[in-house]
Amino acid sequence: MSASSRSGILSTTISLLKNALESQDSSTPQTDANLPESNSTQREIDENIAAMWTALNALRSQIAQAATQRNSLSAISQLPSEITIEIFQIALDSRNLGSGDSSYYERLQTIASVSTVWRNIILQTPSLWSRVEISESWRPFPLATSLKRANNMPLDVSCHGNRLSTQLFHGQEESLRLKPLADELAVARLHLPRWRSFGLDTRCPVTAQDLLSVHAPNVEKVQVTFEWERIIGGWEEPVTLFSGHAERLTEVIIEGMPLCFTRNRLTGLRVLDLREIHRSRWALSLPTILRTLENCPELEVLSLIECYVAEVSEDQDLEMGGQTIELLKLQSIALEHVSSAAGHSILQSIQAPSLSHFSLVHMSSISPIPSLSTSLMTHINAIQRTIIDSDTFEVSICGQKVSISAAHGETTNFQLEVVPAVDELAELLAWLADNLPLPRLAKSVDVSLTPPPEIINGFHDTMYRWLPSVTSLTLDQDSQPRIMLKRLSKCVQEPGGEVSWLWPNLQSLCITGDPEISAAAVLAFLRGRTQSVESESSPASSSSTHENEGRAD
């Protein structure tokens with residue numbers, strides 16, 4: 001604000017106050033004896049009061065104008081409207097605004113109440129009004145108002161609740177309570193061609209079938225969370241998304257609800273994420289999954305997590321034998337806690353040259369090694385490329401459970417967790433050591449060993465390919481640390497005659513849970529000695545050195 005503007009506002013303010021005070025002094029009675037009694041005097045007082053109020057309101061208006069001008073000079077007010085809107089959208093999506101259980105429009109109103117400038121930006125931005133939230137937990141916002149402010153923008157619709165279908169209204173009281181929600185849904189259904197995404201969180205099959213069977217031809221994303229363990233009622237049949245008419249679907253995320261994809265054309269689908277679809281007469285079947293994948297040539301992400309996949313008959317197995325599905329754009333596969341037969345069949349049926357994320361976790365309790373190695377070999381080139389480009393590598397053998405992961409920064413690119421039979425564990429480790437490379441620029445290679453006693457004697461032979469790159473080694477009591485240290489301290493003879501230790505990059509050694517391990521055994525390992533080392537230190541020195549956990553850094 002310029003000096004002349006400030007001077008003008010100040011002089012006007014002083015003049016208004018001076019006039020108001022002079023009028024008040026001239027009309028204020030001096031004593032009770034001189035109280036005016038005529039109507040004309042009362043009118044003069046009323047006029048003076050009105051003049052003072054006018055002056056006060058004018059002063060308030062000028063103060064507001066000065067404050068607005070002052071706020072316009074702040075850094076946040078200098079941001080372009082487009083950036084301000086982006087900030088609003090991040091705040092609205094974070095749910096950190098207002099109470100933890102606030103609705104989208106309550107958060108929007110909170111932002112709009114900060115300043116006139118922000119309120120005007122929000123009122124003039126249709127995209128901020130294109131979200132439709134209908135929930136039993138929140139007071140509904142007038143949908144007609146938000147749709148009017150959204151102009152013709154595509155709508156993102158989400159519904160939360162179990163009594164959103166009029167078929168479920170029982171009694172007059174419940175009907176009256178839920179009628180506003182039904183009215184809002186009715187208004188939203190009038191705009192089905194504008195639906196861009198749809199989210200549903202419910203535990204009622206009737207509500208799910210009612211809302212997912214609408215004809216919404218332009219929906220691109222659907223996300224459904226169904227609480228199977230708290231189910232209300234039962235399924236009459238699996239749900240066909242939007243009656244099979246959603247041809248523009250690009251992302252489908254379903255949790256806990258049986259689906260039928262046979263009527264959907266999913267040629268543009270990029271993400272298929274199915275979770276916690278449990279065993280029932282409507283469970284997923286392997287032929288259904290493979291037929292669905294055949295119809296998704298643009299698929300980039302495939303996730304099957306804790307899904308029951310029905311076993312196939314011998315005839316179906318023969319019919320699917322040798323089937324190859326080319327998914328040239330597939331970048332991520334996650335098969336976690338599904339049956340081994342289904343998981344291996346899916347992996348062996350897919351050709352995915354662009355694969356950059358691979359997660360295979362606990363496919364049933366026992367994973368047969370021939371099937372597993374065949375499944376991994378189908379994608380071995382992509383897996384090797386993914387691991388080489390990572391910067392951390394972790395190996396954990398805990399009993400029969402083998403876990404291997406490779407990550408780049410905070411992103412896990414490769415994850416394998418399987419539980420082979422004991423007699424196949426050494427075979428699996430040898431296969432992994434021969435076929436899985438270490439990262440080219442690994443910052444850390446961490447190994448944690450607790451193998452079953454049955455394979456300890458021959459265990460070290462399967463790991464030597466990885467040992468020179470290991471930076472961290474962890475052993476616990478079940479791994480018989482004294483025996484493991486002795487066997488893992490083996491040195492190798494170089495062609496030039498020099499003897500080199502197998503652990504040149506080791507930075508951390510952690511031994512837990514073994515009070516009998518001696519300092520001599522640890523030092524012998526660190527020095528690369530090969531001779532058998534018995535306990536040479538006294539118990540007192542051992543306990544003071546290790547305290548049941550020896551560490552050498």
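User: Which helices and strands each supply at least two residues of the lining of the largest pocket?

Analyst: In this predicted model, the elements that each give two residues or more to that lining are α3 (81-94), β1 (131-135), β2 (155-160), β3 (195-202) and β4 (221-226). Strand β3 has the largest share, with 6 residues. The pocket holds about 470 Å³ of space. Among its 20 lining residues, Ser 158, Ser 197, Gly 199, Lys 221 and Gln 223 are the closest to the centre.

User: What makes up the lining of the largest pocket by class?

Analyst: There are 9 charged, 6 polar and 5 nonpolar residues. Gly counts as polar in this scheme.

User: Which residues line the second largest cavity, and what classes do they belong to?

Analyst: Its lining consists of Phe 261, Leu 272, Leu 274, Leu 284, Thr 288, Ile 289, Thr 292 and Leu 293. Of these, 6 are nonpolar and 2 polar, with no charged residues. The space inside is about 50 Å³.

User: Why is His 379 called buried?

Analyst: Buried means a relative accessible area under 20%. His 379 has 3%, therefore it is buried. This residue sits in the loop between α12 (369-378) and α13 (380-388). Beyond its neighbours within four places in sequence, His 379 touches Ile 333, Leu 347, Ile 350, Ala 352, Leu 355 and Phe 358.

User: What is the phi value of Glu 276, and what is that of His 337?

Analyst: Glu 276 has a phi near 50 degrees, positive in a residue other than glycine. His 337 is not a glycine either, and its phi is positive at about 60 degrees.

User: How do you know that the buried residues of α4 line one face of the helix?

Analyst: In α4 (residues 104-112), the buried residues are Tyr 104, Tyr 105, Arg 107, Leu 108, Ile 111 and Ala 112. Viewed down the axis, they fall within an arc of 155 degrees, so they line one face. An α-helix has 3.6 residues a turn, so residues three or four places apart point the same way.

User: Why is the pair of Phe 88 and Trp 118 called edge-to-face?

Analyst: The search of the whole structure finds 6 aromatic pairs. Rings pair if their centres lie within 6.5 Å, and planes over 60 degrees apart count as edge-to-face. The centres of Phe 88 and Trp 118 are 5.2 Å apart and the planes are at 70 degrees, so this pair is edge-to-face. Phe 88 is in α3 and Trp 118 in α5 (residues 116-123), so the pair ties together parts 30 residues apart in sequence. Phe 88 has 3% relative accessibility, so it counts as buried.

User: What makes Tyr 104 and Tyr 105 an edge-to-face pair?

Analyst: Their ring centres are 5.2 Å apart and their planes are at 85 degrees, so the pair is edge-to-face. Tyr 104 is buried at 3% relative accessible area, and Tyr 105 is buried at 5%.

Conventions
Residues numbered from 1 in each chain as written. Predicted model: local features only at pLDDT ≥ 70, side-chain atom pairs only at ≥ 80, totals over all residues. Heavy atoms only, no water. Helix = DSSP H or I, 4+ residues; strand = E, 2+ residues; numbered from the N terminus. Buried < 20%, exposed > 50% of the residue type's maximum accessible area, 1.4 Å probe, protein only. Contact = heavy atoms within 4.5 Å. Arc of directions from axis to C-beta. 1 Å grid on protein atoms, 1.4 Å probe; cavity = no way out; pocket = protein on both sides within 12 Å on 5 of 7 lines; lining within 4 Å. Points joined across faces, edges and corners; volume = space filled by probe spheres on them. Phe/Tyr/Trp six-rings, centres within 6.5 Å; stacked < 30°, edge-to-face > 60°.
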